[in-house]
Amino acid sequence: MSNTKARLPQPVASEHIPLKARNVSFSWEKTPLHWLPGDPFTTHTINVLHLLLPAGERWFVHVYKQVLPLIHDERLRADVIGFIGQEAMHSQAHDEVLPHLREQGLDPTPYTAQVDWLFEKLLGDRTLPPGRARRWWLLERVAMIAAIEHYTAFLGDWVLNARELDRRGADPTMLDLLRWHGAEEVEHRSVAFDLFLHVDGCYRRRARTWATAFTALVFLWQRGTRFFMENDPTLDGKAARATFKDFHRSGRAGTLPTTGAMIRSIPRYLSRSYHPSQEGSTAQAVAYLASSPAATAAEARANGAA
């Protein structure tokens, strides 16, 4: 084996499983505005998922449908189709939380309109001539999705192990949504990266798009948390703040990822030997999905329909 070959990302074969979408549903009538009792900051920091993910994951699906003709590996094609199904379901599940927030006096429309513009216009299709320019823009977006998926898998692994949320009495329905979604992110954590390697694999593109994706995520997440805190009808004055210091404090308390864990995730992704299968546990994800109220109910409905 050459030195170049040895430096290529090495997937962990045992972490690969076939993917399937689970047609879950959630009932939000009993979920309070602050679903983590006494902690509006953590509640709203995590609530940003409901703002970003519906548009973001619809964008994933749109881009991947365009790249399907470029896939020449049948197992990878099956993985991408499974990924598309799961991401479409994630988008729908988080989108269904938004009417519940409106009913509680927190209308997310001003923020979601900006997010829709970002994914549909700024990162959407462009009028480009066929050939290199059009392919370049497609590959840029494929690489950006791989970078974003590094962080969705990171968050999925975190929430599966965030026992402090249980200890503090987090709303069980919201916790199941987060952990069902997180488990599927861990399940399919390698697909976006494998697709990027298959159609391109340029390290400079990987590093460049990571920088873009990471910067955008930090900006959008802080902006989204501030939006929620400032528009929460139960908060006012100093109680409505949202700072990096608050994030750091919540990370140390165990209700959010730690700052150190976020920072350590950066060199891992930028390592030339990085592969997503080296992180997280498929077995843990599958075990949660086997016990998740929403996932097991979806499985029962599917079996009943069959």
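**Ground rules.** I am working with a predicted model, where local features need pLDDT of at least 70, side-chain atom pairs count only at pLDDT 80 or more, and totals for chains, interfaces and linings use all residues. Residues are numbered from 1 along each chain as its sequence is written, and side-chain values use heavy atoms, with hydrogens and water left out.

**His150.** I looked up its place first. His150 sits in helix α6, residues 132-160. Helices here are DSSP runs of H or I with at least four residues, numbered from the N terminus. Is His150 buried or exposed? His150 is buried, because its relative accessible area is 3%. The cut-offs, with a 1.4 Å probe and protein chains only, are under 20% for buried and over 50% for exposed, with partly exposed in between.

Next I checked polar contacts. I take these as pairs of N or O atoms within 3.5 Å; within protein, one must be able to donate a hydrogen and the other to accept it, and residues adjacent in sequence count only if both atoms are side-chain atoms. The His150 side chain has a polar contact of 2.9 Å with the side chain of Tyr274. The His150 side chain also reaches the backbone oxygen of Ser265, at 3.1 Å. Leaving aside neighbours within four places in sequence, I find His150 in contact (heavy atoms within 4.5 Å) with Ser265, Tyr269, Tyr274 and Glu279.

**His50.** This one is in helix α2. His50 counts as buried, because its relative accessibility is 0%. Which side chain does His50 join in a polar contact of 2.9 Å? The partner is His94. With neighbours within four places in sequence left aside, the contacts of His50 are His94, Val97, Leu98, Met174 and Leu177.

**Aromatic pairs.** My search of the whole structure gave 15 aromatic pairs. Rings of Phe, Tyr and Trp (its six-membered ring) pair if their centres lie within 6.5 Å; planes under 30 degrees apart are stacked, over 60 edge-to-face, and the rest tilted. Phe26 and Trp28 have ring centres 5.7 Å apart and planes at 25°, so I logged the pair as stacked. Both Phe26 and Trp28 are buried. For Tyr269 and Tyr274 the centres are 5.0 Å apart and the planes at 65°, so this pair is edge-to-face. Tyr269 is buried at a relative accessible area of 0%, and Tyr274 is buried at 4%. I also noted a cluster of Trp59, Phe60, Tyr64, Phe83 and Phe119, linked by ring pairs.

**Pockets.** On a 1 Å grid over the protein atoms alone, a pocket is an open set of points where a 1.4 Å probe fits, with protein on both sides within 12 Å along at least five of seven lines; lining residues have an atom within 4 Å of a point. Volume is the space filled by probe spheres set on the points, which are joined across faces, edges and corners.

The largest pocket has a volume of about 1,100 Å³. Of its 50 lining residues, Leu155, Leu217, Val218, Trp221 and Met262 are the closest to its centre. α10 gives the most to this lining, with 12 residues.

The second largest pocket has a volume of about 450 Å³. Its lining has 24 residues, and the closest to its centre are Pro11, Arg75, Ser190, Asp194 and His275. α9 gives the most to the lining of the second largest pocket, with 4 residues.

Technical notes: Helices (H or I, at least four residues) and strands (E, at least two) are DSSP runs, numbered from the N terminus.
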